[in-house]
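Take a look at the model below. What follows is a short report on a few of its local features.

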Amino acid sequence: MTPDKILNYCLENLEGTVLVENWDEKGIFYNPGHVLERGVLY
């Protein structure tokens, strides 16, 4: 399993999550309805 497959799994299966990229790093944040600029670290 690759990091991209893990990120895609999270985005597809965990409702309300968004991908945030910063400084060549990727993170999954909980942001239902895209209310917050970045969301809350999940």
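Asp24 sits in the loop between β1 and β2. This is a predicted model. Asp24 is not a glycine, yet its phi is positive, at about 65°. Its relative accessibility is 85%, so Asp24 counts as exposed.

Trp23 belongs to the loop between β1 (17-22) and β2 as well. Trp23 also has a positive phi, about 55°, and is not a glycine either. With a relative accessible area of 78%, Trp23 is exposed. Why point out these phi values? Most residues other than glycine have a negative phi.

Next come the charged side chains. How many salt bridges does the structure hold? It holds 1. The partners are Lys26 and Asp4, whose side chains meet at 3.3 Å, N to O.

The table lists the accessibility of the residues discussed here.

| Residue | Relative accessibility | Class |
|---|---|---|
| Asp24 | 85% | exposed |
| Trp23 | 78% | exposed |

The cut-off explains the classes: exposed means over 50% relative accessible area, and buried means under 20%.

Terms used. Residues are numbered from 1 along each chain as its sequence is written. This is a predicted model: local features need pLDDT of at least 70, side-chain atom pairs count only at pLDDT 80 or more; totals for chains, interfaces and linings use all residues. Side-chain values use heavy atoms; hydrogens and water are left out. A salt bridge is a side-chain nitrogen of Lys or Arg within 4 Å of a carboxyl oxygen of Asp or Glu. Helices (H or I, at least four residues) and strands (E, at least two) are DSSP runs, numbered from the N terminus. Buried means under 20% relative accessible area, exposed over 50%, partly exposed in between (1.4 Å probe, protein chains only).
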